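Let's take a walk through a two-chain model, one piece at a time. Keep the picture open while you read.

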Amino acid sequence: MEPDRHDIQVSVNGTSYRRSVESRMLLSDFLRHDLLLAGTHVGCEHGVCGACTILLDGVAVRSCLMLAVQANGQDLATVEGLAAPSGELHPVQQAMHDHHGLQCGYCTPGILMTMTAFLKENPQPSEEEVREALSGNLCRCTGYQNIVDAMMAAADMMRAQP
Amino acid sequence: MTTRFFGAPVKRNEDRKLLTGQALFIDDVELPDMLHAAFLRSQVAHARIRSIDVSRALKRSGVVAVYTAGDLGAYWQPGPLLVPPPPIPGIVFNQRTQVPLAKDKVRHVGEPLAVVVAESRYIAEDALDDIEVDLEILSAVVDIEAGLGAAASHVHDDLGSNISAHVHQTKGDYHSAAAKADLILKRRFRYEHGISSPVETRGVVAHWDNRAGQMTIWDTTQAPVFVRNGLAAMLGLGERQVRVIAPFVGGGFGPKIMMFYPEEVMLPWISMRINRPVKWIEDRLEHFFATTHERGQIHDAEIAVASDGRILGIKDVFLHDGGAYDPYGLTVPINSQCTLLGPYVVPAYDSTFTAVFTNLPIVTPYRGAGRQHGVFVMERLLDLAAHELKIDPAEIRRRNLIPADAFPYRNEIIYQDFQPLEYDSGNYEPVLDKALEIIGYADFMAREQPELRAQGRHVGIGIACYVEGTGIGPYEGAKVQVQANGKVSVATGIGTQGQGHFTVFAQIAADQLGVDVTDVDIVTGDTDQFYWGAGTFASRGAVVAGNAVNEASRVVRRKALKLASDAFECSEDDLVIEGGKVSIVGIPEKFVRLGELAQRANPMRGAVKPGTEPGLESTQYFGPPSGATANGVHAMIVELDPQTFDLKILRYVVVHDCGTVINPMILAGQIHGGVAQGIGNAFYEKLSFDDQGQLLNASLADYLLPTALEVPRMELAHTMTPSPLNPMGIKGAGEAGAIPVGPLFAQAIEDALQLKEKNVELLEIPLSPSRLFELSRKATNV
């Protein structure tokens, strides 16, 4: 059986890409192996761990549960686009560094993307709300406490920004 | 020497790469012309292989090769024994190690039968469905007690039983201790540990360069040097021809060191055979079967105590589920046997275990590495004795703690490092006091709990003590080098999986060499950068490699001072090394930069004097005579819903002593993560096998890892008793958080639900809401 291919166009972190992909190719594989944006990690491929979370038109989605063809014509954001071109870290990244919110760092890109979307939606969350928002991302190293603290601090930083 | 960084909560050097998606993990390795492998795995636990037909798979477009055991020829060999059995008199150990691809029999679900190599992973997985396997299914050994019965089938036919090992160790004379006891309590305990389940699964990329005669292997291993040595021998190559790189690894926790996983053996062989790079990345379903577990033990244990609660002796007979093969020797059950003794004076101990082969995935150490099992038994025995003798649970522990003047304390039995178990240093009572004080133990018992109970709330408290043997040998090394640009490079042979090595090793070197932490570049896990070493396990990285970094940095410091004193024609005592330069005390404008000294140490003209070496560098090794013993106390207050048995942790306190602390921020992170895994083990994570060895919950939707909603805020405190076994006085801390959480849950839940009054004893881990429902319903029905 010949693979069934489609031409797609996606924008990732503001750069436009045109590629021909198999209909069955996962969006996570497409980002990582076709576009070589390997910062998006894959942990379970069944939508539980959240490591592959990216933003699709500003909404946090799991790229392992989407096909690349479904992203045709959409705007995506991945961890590679979070820091400013100057290298200055985004507040969620800076806060994770300041509060030791990462150890092996494998789940981190998914957490950064989930929480970027969350803090936009809820700029002044309670700790309970942060924990709830974080509960779809598994981290096996940190016990979450420092991530929670980092996100509370990131929320403060983001509110203070003009 | 000033210690500006040692002991400070220095932020991590490695974070920027990880936070911006620029760190190289195994699946990020992309090579031109790379092929992809997928493994056909047994779907049954125990079967004889009649035939495997791969002809249809080979015809599929995009498939390059398919291999079964028969294709491997002499390369097909059972794996090495990673850890030989310790020198214990009378020990029985039956070595049966795993094979690259199953040949005559499959012995657990997930054991590889064939490997497909194709142009993409998608095609390789398609082709797995094309392979026809004819199996004669045999009854599976799943239950360890039944596995020793006469009716059991045998995992290894030639052995005539399912006994993997049998070990008896004693200290003192339990029989006469028991004769003097006021109370003897005996119970059966079951403790199951689960899977480490790092968020990154395993993977291997192998690249054979035929022209260079060079094999490069990227591997998510915790022990790259061992992997290089073993694979070089197997592939018929010199060790210099094989480079193993453990890149950034997304969590390890023990199971990422195993020698060898079949995939580690197969990928390099495939790459040599096809002469193209090949990649295999484990998927999450495979991880549940193809990566090692820790799993369960059944203990029949008794405690002999005096009426004042003093332990006179412990007797324990236990069974250990070893899985289908035993390549890791006896590390897990020996740890259980030794760590059971805990921080207590136990004058007499009689412990026997039998490790049993089962048709389940292989058991190797996972964070805690069997220590949990022993600690659970001891802590529960003390709780039972306290209840019978009407002594407060904290008080019975206090009465039995090893006194501060008794160190080094000899426990006599042989530990996992083959040395007689000896605690190097410790001061246990202040740790207990601090934990009780922080959690407000006395007030909780006297006031808070009765008040809350009067309001109809079900709250309970737990307290558990433990020791952790850490920092074992044999050795690690480090090469410290000042580069011409003034930056310091440190290379060591261990791998890194998130422990902060890029920062703590930099702190050590930066203090010695007077540079900033950010000016020290650390290389770990690349055998071409550092040739020797053992690996990251047994909470030993900071202790053993850390001390090697310290030694090498000291030598480089001396070399720098010597060179500068020659240049300035002054005494070394008149020099100060800081800010990346060496200057004369009191004359800061008279200085030479470290980078310049490095260049002078490698001159273009003149001769290197006899007895000296070029370059501003040194390689040093450190090997501790035996392991350093850390200790701690965890305390917890929980609330339970008596209908749903839903559990909420109201307070969680850890007081811990791991000697001198290099970086308290990183240490706290290690403890937090350990506790989170302990909570998963105690109440959420259970590997559910049916009687045919099928894992019924092999997905992260069904095997429940704790989330941010289950793991509470933890309150940490430390005491500091340096280890005399290394110059920096440090002890390991990697596993401490995870070790005592099981007995803490059992104790606190019993207290919260007042189960003792209902004649319910919690003698097993993991617990869960449904298990608590079953246990209390049974009790109600009696």
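First, some ground rules. This is a predicted model: local features need pLDDT of at least 70, side-chain atom pairs count only at pLDDT 80 or more, and totals for chains, interfaces and linings use all residues. Residues are numbered from 1 along each chain as its sequence is written, while chains are lettered from A and ligands numbered from 1 in the order in which they are written.

**The two chains**

Start with chain A, which has five helices and five strands. Here helices (H or I, at least four residues) and strands (E, at least two) are DSSP runs, numbered from the N terminus. Following the sequence of chain A, you get the pattern β-β-α-β-β-β-α-α-α-α. Its C-alpha atoms fill a box of roughly 50 × 35 × 25 Å along the principal axes.

Now for chain B, with 19 helices and 30 strands. Its radius of gyration is 28 Å, close to the 28 Å that the globule rule gives for 782 residues, so chain B is as compact as a globular protein of that length. Along the principal axes, the C-alpha trace of chain B spans about 90 × 75 × 50 Å.

**Domains**

| Domain | Residues |
|---|---|
| Domain 1 of chain A | 5-81 |
| Domain 2 of chain A | 91-160 |
| Domain 1 of chain B | 15-19 + 473-622 |
| Domain 2 of chain B | 35-161 |
| Domain 3 of chain B | 295-472 + 625-781 |

In chain A, the C-alpha centres of domain 1 and domain 2 are 22 Å apart. Their contact takes 16 residues from domain 1 of chain A and 11 residues from domain 2 of chain A. Two residues are in contact if their C-beta atoms, placed from the backbone, lie within 7 Å. On the domain 1 side of this contact, strand 3 (53-56) and strand 4 (59-62) of chain A are the elements that give two or more residues. Strand 3 of chain A gives the most, with three residues. By class, that side of domain 1 of chain A has nine nonpolar, seven polar and no charged residues. For these classes, Ala, Val, Leu, Ile, Met, Phe, Trp, Tyr, Cys and Pro count as nonpolar, Asp, Glu, Lys and Arg as charged, and the others, Gly among them, as polar.

Over in chain B, the C-alpha centres of domain 2 and domain 3 lie 35 Å apart. Domain 2 of chain B puts 29 residues into the contact, and domain 3 of chain B puts in 28 residues. Helix 4 (residues 144-147) of chain B gives the most to the domain 2 side, with three residues. That side of domain 2 of chain B has 17 nonpolar, nine polar and three charged residues.

**A pair of helices in chain A**

Two packed helices are described by the angle between their axes and the distance between the axes. Helix 2 (residues 91-98) and helix 3 (residues 108-121) of chain A pack at about 130°, with their axes 10 Å apart. (Axes are lines fitted to C-alpha atoms, for helices over the stretch in contact, and angles run from 0 to 180 degrees between N-to-C directions.) That angle makes helix 2 of chain A oblique to helix 3 of chain A. Angles under 35 degrees count as roughly parallel, over 145 as roughly antiparallel, 65 to 115 as roughly perpendicular and the rest as oblique. Val92(A), Gln93(A) and Met96(A) of helix 2 meet Thr108(A), Leu112(A), Met115(A) and Thr116(A) of helix 3. These residues divide into four nonpolar, three polar and no charged.

**Where the chains touch**

The contact between the chains takes 42 residues from chain B and 43 residues from chain A. On the chain B side, helix 1 (15-19) and helix 17 (664-684) are the elements that give two or more residues. Helix 17 of chain B has the largest share, seven residues.

Met259(B) and Phe260(B) are joined by a cis peptide bond, with omega about -15°. Phe260(B) is in the loop between strand 12 (242-245) and helix 7 (262-274) of chain B. The peptide bond from Phe407(B) to Pro408(B) is also cis, with omega near -5°. In chain A, Asp57(A) has a positive phi of about 50° although it is not a glycine, and Asp57(A) is found in the loop between strand 3 and strand 4.

Key:
Domains from an automatic or database assignment. Rg over C-alpha atoms; globule rule 2.2 N^0.38 Å.
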